[in-house]
Structures are given as C-alpha cells and as structure tokens.
Amino acid sequence: MTQLRAGFIGIGLMGDPMTRRLLGAGVDVTLWNRTAAKAEPLREAGARVAGTIAELVAGVDVVMLCLANTEVVEAVVFGEGGVAEHGRRGQTLIDFSSSDPAATRDFAARLSERCGMTWIDCPVSGGVAGAEAGSLVMMAGGEASKIDTIRPLLAPLSARVTHMGPVGAGQVTKVCNQMVVGCQAAVLAEMVALAEACGVEATRLVEALAGGFADSTPFRILTPRMAQSDFADPPWHLRTLLKDLDMAVAQSQRSGRATPMSGLAAQLMRAHAGRGHAEHDPAILVEAYRGR
C-alpha cells in the first residue's frame, strides 16, 4: 500500500486497534510503549517492538503518537531519550492525541529547530469502534503537501481526513468537536434522569427519538448506558472528556471568546470526577442527577 515505515507510540484503547489496522493493510510498523507488556500482543500480530524510543525512531519514516494528554506528548517527544533527541530531517511526526493547540504549535517549532522533523497534528474522532473499523474522522493541521504525503498511511485508519489549516488547526477543530460531545453528555444525563423521574421508560428514548433533531452519535451511545446504569468496561473516560473541555475553555480565553456552556459542562464533570468517577464512562454523569 505504501512504503512509508511507521513507528507507533501509545498502545492504549485507541492505539491498539489503530496499529492492528495498519498491520492489516501491510504497513511496516514498529511499536514502543511505556508499559512494554501492552505491546506484546501486537508483536504476535506482526509488529516489531522497539526497546527504546531511539530504536523506534532510527527505523521509521513516520512517528505516530496516540497519548493521553499534552503533558505525556511533551515528555515522549522532548524528554530524555525522546523523539526530538533522535529524530532527523525528512521524518514526520503525526500526533493523533487530543493536545492543547497552543502547546502543539510550540512543540512543532521546537521539534523542527531541534532535529528538523515535521509536525502534523491529526486528532481523531470516532472512539474505539471507529478505530477498530478504520472509520475515524481525522482533522489535520500542518503543511498541505506534507499531509498529502501521509494520506496513504492514514487511509486504513480513517473514513475522512480533512486538512484544517496550519499546525494547531487540527487540535482546535478537535476542541470544537469535544465541546459538542461534552455539552451533549451533560444534557443527556439531565434528560435521562428527568424522564425517569416522570415515569418514562428511559431505555426507550433512543427508539423514540431516533431520526429526529435530538438524534446523534453521542445520544445513541450514551443514552442506553445511562438508562441501564451500564458503566462497566468503559470505552472512554470522564477524565478524558473533562480534559478536552478544559482545553476548550483555555482556548476561548486565548481568543477572547466566551464558552459558557462548555465551561459549565466542565465544572459538572469536575465535580463528579471529584466523587471518584474520573475513570468511569461519561455515562456515569446520570448518577449526579439521580442523587448518587
């Protein structure tokens, strides 16, 4: 499919299925993960597993990151023994993580100055199901020519890759996406709890509202879990959505724009995370309205 050799760092909920999609498409993939044991099943699937970041970077053309947050991205790229220490001109770094836009622009400049690598921010939407199906929506920031070069590598992972502008534009777009998702999660919790309090069978809400203006992917995913109090085996976490909403509020402050709905949703999530629910599915928000 492509002769680009890929290095993948971050074998988590998203990174594992994304790597499997690349392997299934015949891509030469080398992995590195802070918890080495998580990479072993992918070695059995055909990936190489590097012992260090230096080893990974030495053998690839493109370094892909799928990490928890901005701080982890910075540590992996600029920390001791990180990507910047071993990268070279002509290589490309693709950050699939949801990272702070301002920090992303800074990282791109630092990486270019340090070793000549090109930074492309390419956060994704679609969750674990999208990663498994190769139907992720990707929003890319960087030079158009560089993004065109890596499109064949992104094809097994995505339904669509949209170039949004210069470095950082992809992360701003992901922030916009998460503003919608986060505010929906908060109001869906209110809705389910209200329906229950009024004697309506909340498990039938998806059937009743399907195809109407209230229908959406978050609605179809979160509403049944809320109605059934199904919080086990979360495909994503409350802390992750809170982190993204906090980035939205920070970006609004930089740009002088108001984001009151996103700020309120973030505070509701912060309060619930403080009650011990940070690692739970965002559907757990309904419990706040049930008085639990």
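The questions and answers below concern a predicted model of one chain.

Residues are numbered from 1 along each chain as its sequence is written, and side-chain values use heavy atoms, with hydrogens and water left out. As the model is predicted, local features need pLDDT of at least 70 and side-chain atom pairs count only at pLDDT 80 or more, whereas totals for chains, interfaces and linings use all residues.

Reader: What percentage of the residues of the chain count as buried?
Author: A residue is buried when its relative accessible area is under 20%, exposed when over 50% and partly exposed in between (1.4 Å probe, protein chains only). Of the 292 residues, the buried share is 49%.

Reader: Is Thr259 buried or exposed?
Author: Thr259 sits in the loop that runs between α12 (238–255) and α13 (260–277), where helices (H or I, at least four residues) are DSSP runs numbered from the N terminus. Leaving aside residues up to four places away in sequence, Thr259 touches Met179, Ala248, Val249 and Ser252, a contact being heavy atoms within 4.5 Å. Its relative accessible area is 16%, so Thr259 is buried.

Reader: Which helices do the buried residues of α13 pack against?
Author: The buried residues of α13 include Ser262, Gly263, Met269 and His272. The helices that the buried residues of α13 pack against are α9 (169–197), α12 and α14.

Reader: Which residues form a nonpolar patch on the surface?
Author: Patches take residues with over 30% relative accessible area and no salt bridge, joining like charges within 9 Å and nonpolar side chains (Val, Leu, Ile, Met, Phe, Trp, Tyr) within 5 Å; a salt bridge is a side-chain nitrogen of Lys or Arg within 4 Å of a carboxyl oxygen of Asp or Glu. The patch has about 250 Å² of accessible area together, by the Shrake-Rupley method with a 1.4 Å probe, only the protein chains shown counting as cover for residues. One member, found in helix α14 (residues 286–289), is Tyr289, which is partly exposed at 35% relative accessible area. The residues of the patch are Leu264, Leu268 and Tyr289.

Definitions and conventions:
Helix = DSSP H or I, 4+ residues; strand = E, 2+ residues; numbered from the N terminus.
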